[in-house]
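Please read it alongside the sequence and the model shown here.

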Amino acid sequence: GFALGVAFILRLLNQQEKFDAYHWWEEVQNHINKTESELKTQRKGNKLPDDVETWNLTMKRTHNLRQEWNLLFFSFQASRIFFRNVEVVEGQQKDTTKEETSNDGPDQTTQNGSAPAPAPAPAPAP
């Protein structure tokens with residue numbers, strides 16, 4: 001529900017590009033990676049059983065946080081599909097279709113295989 005609500009509010013206020021500019025998803029992912037690397041570094045120095053148990057719990061919590069974050073990210077991306085700007089998507093599809101038809105059009109050669117004569121230059125304006 002949260003991901004759907006955020007996607008709806010961003011679309012309603014037309015703030016999707018500004019939200020993407022924060023790189024929120026990437027920053028949290030970087031934070032999780034940094035935490036995991038720090039934990040792996042700390043593991044080498046832990047010799048006491050209590051330290052090992054604390055390390056295992058912290059690593060498990062970080063792993064669960066990564067899973068929850070990935071689920072939220074994918075839910076948000078799926079929710080954005082519901083609120084995407086259909087007019088922009090249709091315009092992009094039309095542009096792609098025009099390019100394909102212009103590239104797949106009939107060959108511009110004459111019957112003898114030579115290229116057609118160039119079009120005359122437009123007359124200068126008075």
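## The nonpolar core

The largest nonpolar core of this predicted model has eight residues, namely Ala3, Ala7, Leu10, Phe19, Trp25, Ile32, Trp69 and Phe76. A nonpolar core is here a set of buried Ala, Val, Leu, Ile, Met, Phe, Trp, Tyr and Cys residues joined through side-chain atoms within 4.5 Å, where buried means under 20% relative accessible area, exposed means over 50%, and partly exposed lies in between (1.4 Å probe, protein chains only). Helices α1, α3 (24-43) and α4 each supply at least two residues of this core, and α1 gives the most, with three residues. In soluble globular proteins, nonpolar side chains tend to be buried together.

Ala7, one of the core residues, is in contact (heavy atoms within 4.5 Å) with Phe76, Ser79, Arg80 and Phe83, when its neighbours within four places in sequence are left aside.

## Basis of the values

Residues are numbered from 1 along each chain as its sequence is written, and side-chain values use heavy atoms, with hydrogens and water left out. The model is predicted, so local features need pLDDT of at least 70 and side-chain atom pairs count only at pLDDT 80 or more, whereas totals for chains, interfaces and linings use all residues.

## Overall architecture

The secondary structure of the chain comes to five helices and zero strands, and from the N terminus on the elements run α-α-α-α-α. Helices (H or I, at least four residues) and strands (E, at least two) are DSSP runs, numbered from the N terminus.

Of the 126 residues of the chain, 14% count as buried. Among contacts between residues at least 6 apart in sequence, 71% join residues at least 24 apart.

## Two salt bridges

The structure holds two salt bridges, a salt bridge being a side-chain nitrogen of Lys or Arg within 4 Å of a carboxyl oxygen of Asp or Glu. In one of them, Asp20 pairs with Arg80, and the closest N and O atoms are 2.8 Å apart. Because Asp20 lies in helix α2 (residues 16-21) and Arg80 in helix α4, this pair ties together parts that are 60 residues apart in sequence. Asp20 counts as partly exposed, at 34% relative accessibility, whereas Arg80 is buried, with a relative accessible area of 16%. Helix α4 spans residues 49-82, and Arg80, leaving aside its neighbours within four places in sequence, is in contact with Ala7, Gln16 and Asp20.

Arg66 forms a salt bridge with Glu36, again with the closest N and O atoms 2.8 Å apart. Arg66 lies in helix α4 and Glu36 in helix α3, so this pair ties together parts that are 30 residues apart in sequence. Arg66 is buried, with a relative accessible area of 17%, and Glu36 also counts as buried, at 14% relative accessibility.

## The surface

The accessible surface of the chain comes to about 10,600 Å², of which 58% belongs to carbon and sulfur atoms; accessible areas come from the Shrake-Rupley method with a 1.4 Å probe, and for residues only the protein chains shown count as cover.

Phe8, Ile9, Leu12 and Leu13 make a nonpolar surface patch of about 400 Å². Patches are made of residues with over 30% relative accessible area and no salt bridge, with like charges joined within 9 Å and nonpolar side chains (Val, Leu, Ile, Met, Phe, Trp, Tyr) within 5 Å. Ile9 lies in helix α1 (residues 2-12) and counts as partly exposed, at 42% relative accessibility.
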